[in-house]
Number of protein chains: 2
Amino acid sequence: MGRLKEFDETKAIDGAVDCFWARGYAATSVRDLAERMGIGGASLYNAYGGKRALFVTALARYADRSMRERIARLEGDGRPKEAIRAFLAEIIERSLADRDRKGCMLVNSALDVAPHDAEIGKVVAGYLDEIRAFFRRNIEAGRSAGQMPRTLDADAVSAHLLGVLTGIRVLARAKPDRALLESVARPALDLLEMPVKPRARRRRS
Amino acid sequence: MGRLKEFDETKAIDGAVDCFWARGYAATSVRDLAERMGIGGASLYNAYGGKRALFVTALARYADRSMRERIARLEGDGRPKEAIRAFLAEIIERSLADRDRKGCMLVNSALDVAPHDAEIGKVVAGYLDEIRAFFRRNIEAGRSAGQMPRTLDADAVSAHLLGVLTGIRVLARAKPDRALLESVARPALDLLEMPVKPRARRRRS
DNA sequence: GGTATTTTGTAGCATTCGATCTAAAATCAT
DNA sequence: ATGATTTTAGATCGAATGCTACAAAATACC
């Protein structure tokens, strides 16, 4: 039933992710893509439809391999507070180690694709919601387990954490400085800590 | 001493700001720029040197008219806590009212220009530092005035506020939702509030 | 082997990109 | 008026853009 595909589909999509991730949608050319994917231009259009459709596919692959993998891995331990803490810590470490400052493909897309493409915008918003849902689940789990303050509003704090996360990923591309990024994250993580009982203190004489 | 310029330099640069602000650096063409600026292509190169140099000029104009104007206006009252609160509130309002989701030109540039252009990257980082310095000054002023907790670390909290601000501006482009954005900002603003004296409470019987 | 179907490489499409060239128009100093 | 100098409009440069046409190559079914 026709000639067989000769290229490695996994490697091809991973190559597309690398291109779009590093340079963004507009700045990536179809020829750049084809070369990195190890295929010819005709095969690209035959197999993936075109640049825009390929971007959607690559974004889904990124979400699967990067975001969902991290969520599944960190949430597996059943330690909700540690999961959230480790999530932010891992983002900071990766941002500092990322020599070419690619940042997060979802955040990058939220800024320079979503506003100009309603359809892709909804996809991106959906991925961001998944991250927020991760925060929300673990806040609720932490509250139930008595590891986080009962007063914590999971809905509101998950939004705050998503915003802080996003801010970190943006600032890391302009100022990849550990002290800065950790200072951004710290107060958000402190929200999750149980309030310390104020020690009885002697009155001043 | 030569023919006089016929175009309005202020309107020209403002037009350039509009273009770069709405579409970003790469997606804006020199022809788009010339048309919006009300000049011909030759005049653009003669007066501003080229696309990249014009971008730097436009970015400086944006920083002056948007960021520094806001800082000066809000800081004038001598009410540091209110200045910070109003800053974030104003950003949220503008983001929600911004129908074409242009966001903040500085944040946009931090994400899709700074990583690929070291020189412009430093410029952008400098502008971000100005915003952080605004936060820092007002935290210190608020502490001195006894309106904010003495335990507040101005350096760290100013970084946190910058991150939260950046996150808001990015999320607003993908999900312009008031509840979301206000939830992102709230905990950061709560850091500035004086701790409430816990009321004496009757023991349960 | 023959045929239908799919993939692949090559070439090329029209368009747009940033940038430049040329020459006419406009100004000031002399 | 003349000359020097600058700005302007318009055409155009080579390169790159997303995409497609076309035919050769490779497979499965008969």
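Reader: How many salt bridges are counted between chain A and chain B?

Author: The count between these two chains is two. This is a predicted model, in which local features need pLDDT of at least 70 and side-chain atom pairs count only at pLDDT 80 or more, while totals for chains, interfaces and linings use all residues. Residues are numbered from 1 along each chain as its sequence is written, chains are lettered from A and ligands numbered from 1 in the order in which they are written, and side-chain values use heavy atoms, with hydrogens and water left out.

Reader: Why is the meeting of Asp129(A) and Lys175(B) called a salt bridge?

Author: The term asks for a side-chain nitrogen of Lys or Arg within 4 Å of a carboxyl oxygen of Asp or Glu. The side chains of Asp129(A) and Lys175(B) have an N to O distance of 3.0 Å, so the pair meets the rule.

Reader: What makes up the polar contacts across the interface, and which helices of chain A touch chain B?

Author: Eight residue pairs, both partners at pLDDT 80 or more, are found in polar contact, a term for N or O atoms within 3.5 Å where, within protein, one must be able to donate a hydrogen and the other to accept it, and where residues adjacent in sequence count only if both atoms are side-chain atoms. Helices (DSSP runs of H or I, at least four residues, numbered from the N terminus) H1, H6, H7, H8 and H9 of chain A each supply at least two residues of the side that touches chain B. Among these, H8(A) gives the most, with 12 residues.

Reader: What area is buried between chain A and chain B?

Author: It is about 2900 Å², with 73% from carbon and sulfur atoms; buried area is the accessible area (1.4 Å probe) that two parts lose on being put together, summed over both. In chain A, Leu111(A), His160(A) and Arg173(A) lose the most area to chain B, together 20% of what that side buries. The contact (heavy atoms within 4.5 Å) takes 33 residues from each of chain A and chain B.
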